[in-house]
Amino acid sequence: MKYIFASIALLLCLLPAEAQRRASLGQRHRPSQAYLKKKDKEKRNPGAPMPFADSQVWLGLKGGLNTTRALPTERYAVFMSTQGEAANAAFQKEYESFGQVNFQFGVVASYNFAQYLSVSFQPTYSNMYFAYRNQYRWFGQGNNNVELNQTHRYQLTYIEAPLLVRFDILRRRFRPYVQGGAFYGRLIGAEKFITTTSADKASGAVNPLENTSPNIGARDLFIRSNWGWMGGLGLSYDVGNVRIGLEGLYRFGQNNITNQRNRYTDDRLTSVGDVPDNLRLRNIECYFTVVFPMKFLEKSGFDKVSP
């Protein structure tokens, strides 16, 4: 009995000390106010963004049309006038301004790293067309003259690598946006077509004759690279987890695409009185895109991440 009372007395003495120790431990490990606020916010807003949902990756396809203008920066000709520089203007080529429409298609890989900003890489197969005309006349006595009109058409094929930064103006289902960046293209093919209309009145001919040359391989007339800046507008629309878009871009080529070492080396061209000028390209592009998200949040179903 004596031992029981002694045990109870010892227990009563130890209880206050244990309570004080636990209280001190609780004080040391009490969560901070910032942690408590964060947990309270998560309870009140279970859909709050998490690091996984702060970005999105999009992959898809694009296809569309383009039209091209060749801008001469330095002019060259086979013939020269004997009447001075002013008369040489008659030998200058007349370039079409955004003539025939061609096609392009490619792949879109986009990284949406912020709410309004994304960067995209768009490898593209692109066909470009431009043309120019020139006219030559030889005058003799009376009505003995010869007139020669030529139309030169070029078809260039590039593999291009545009890199664009995009800013979404609105974050809704319809998203208007602006974008800009740079591109680099690699020439993989070039062809030339010549249509000639002649009127040789000196030989007694009355009606003009038209002659169309076969395709001429013109790859050696151009260097392999073409680079420049680009910018434009677009509009995208979310259909479920898929995003479709329509974009328009204007491209400013920055380098001379003519191979200056080969300017006079092709006898098929110089024999008809033509050599290429130094050229830069300007392009207007319009294309349709379809992209698919690569990151999803699993809730009742699968919903794409929208930063």
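What volume does the largest cavity have? The largest cavity has a volume of about 220 Å³, where a cavity is a set of points on a 1 Å grid over the protein atoms alone at which a 1.4 Å probe fits but cannot get out, and a volume is the space filled by probe spheres set on the points.

The model is predicted, so local features need pLDDT of at least 70 and side-chain atom pairs count only at pLDDT 80 or more, while totals for chains, interfaces and linings use all residues. Residues are numbered from 1 along each chain as its sequence is written, and side-chain values use heavy atoms, with hydrogens and water left out.

**The cavity**

A search of the whole structure finds one cavity of 30 Å³ or more. The lining divides into five nonpolar, nine polar and four charged residues, with Asp, Glu, Lys and Arg counted as charged, Ala, Val, Leu, Ile, Met, Phe, Trp, Tyr, Cys and Pro as nonpolar, and the others, Gly among them, as polar. Strand β12 (242–253) gives the most to this lining, with four residues; strands are DSSP runs of E with at least two residues, numbered from the N terminus.

**Salt bridges**

The structure holds 10 salt bridges, each a side-chain nitrogen of Lys or Arg within 4 Å of a carboxyl oxygen of Asp or Glu. Three of them are listed here.

| Pair | N to O distance |
|---|---|
| Arg 133 and Glu 96 | 3.6 Å |
| Arg 166 and Asp 168 | 2.7 Å |
| Asp 220 and Arg 224 | 3.9 Å |

Arg 133 counts as partly exposed because its relative accessible area is 32%, and Glu 96 is partly exposed at 24%. Glu 94, Glu 96 and Arg 133 are linked in a network of salt bridges.

**Phe 98**

Phe 98 lies in the loop between β2 (94–95) and β3, and its phi is near 50 degrees, a positive value in a residue other than glycine. Most residues other than glycine have a negative phi. Phe 98 is partly exposed, with a relative accessible area of 24%.

Terms used. On a 1 Å grid over the protein atoms alone, a cavity is a set of points where a 1.4 Å probe fits but cannot get out, and a pocket is an open set with protein on both sides within 12 Å along at least five of seven lines; lining residues have an atom within 4 Å of a point. Buried means under 20% relative accessible area, exposed over 50%, partly exposed in between (1.4 Å probe, protein chains only).
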